[in-house]
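This report describes one protein structure for a reader who is new to the subject. Please keep the sequence and the 3D view at hand while reading.

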Amino acid sequence: MSDIVDPKITGSTPEAISRRNFIKGVIAGGVAVSSAGYLFRASSLLAADTGERLITINVNGQQRRADVRKQETLAWTLRHKLGLTGTKLGCDRAECGSCTVLIDDVPHYACSILTHTVRNRQILTIEGLAGADRKLDPVQQGVVDEQGFQCAFCMPGFVMSAVGFLKTNPNPTRAELAQGVSGNLCRCQDYDKILTALMRGAENMRQTSHA
Ligand code: FES
Ligand code: FES
């Protein structure tokens, strides 16, 4: 076996060593740059935090005060500052609809709305659907009537979407209602039963309005 050592393989020449040192330096520098970026971002967030934080928002017909960071989402405020945990967080990135609430009667993903932007709006969560007499909303009653969900994690989001949709179309076909709540996903995938429950809710709503 030859004793000749290929310096290109071993990288043992002074040039290779200095290249290796150079690469090490770049990696270390990159880390330093990343850290600096992180610190910079953190300091900008801290700077953003120095703005007005104690705000009032209208939730379920009540004026609620909360200490809200500038970058805080409505879902976070509802759940962690106001204790309204009926609004669920699934994906936290506008994909699943678990966090759906009504803002001025229109369904929105609360995980993708900054709380500071809804200060002059009316927010309705699942906790605010039942009347003052604690009577369930017709759509909620439809869910009870049909036992439409398995684990029910997605249920508040579906109900809020359906309530919002039925305000624009109180007498939908099954296909129209399916389209209306198509922004909501169910991990248990029990869509047929969910639709049956929501259709029952729509029927309950029509009966209530004619009573
Ligand atoms: S948690 Fe908001 S859309 Fe999934
Ligand atoms: S019933 Fe389980 S996620 Fe929808």
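## A salt bridge and its network

Glu72 and Arg69 join their side chains in a salt bridge, 3.3 Å from N to O; the term denotes a side-chain nitrogen of Lys or Arg within 4 Å of a carboxyl oxygen of Asp or Glu. Glu72 is buried at a relative accessible area of 1%, whereas Arg69 is partly exposed at 26%. Buried means under 20% relative accessible area, exposed over 50%, and partly exposed in between (1.4 Å probe, protein chains only). Arg69, Glu72 and Lys81 form a network of salt bridges.

The model is predicted: local features need pLDDT of at least 70 and side-chain atom pairs pLDDT 80 or more, while totals for chains, interfaces and linings use all residues. Residues are numbered from 1 along each chain as its sequence is written, chains are lettered from A and ligands numbered from 1 in the order written, and side-chain values use heavy atoms, without hydrogens and water.

## Other salt bridges

By this rule there are 10 salt bridges. In one of them, the closest N and O atoms of Arg121 and Asp104 are 2.7 Å apart. Lys193 and Asp190 also pair, at 3.9 Å from N to O; Lys193 is partly exposed at 39% relative accessibility, and Asp190 is buried at 15%.

## The chain as a whole

The protein chain has seven helices and five strands, which are DSSP runs (helices H or I, at least four residues; strands E, at least two) numbered from the N terminus. Of its 211 residues, 34% are buried.
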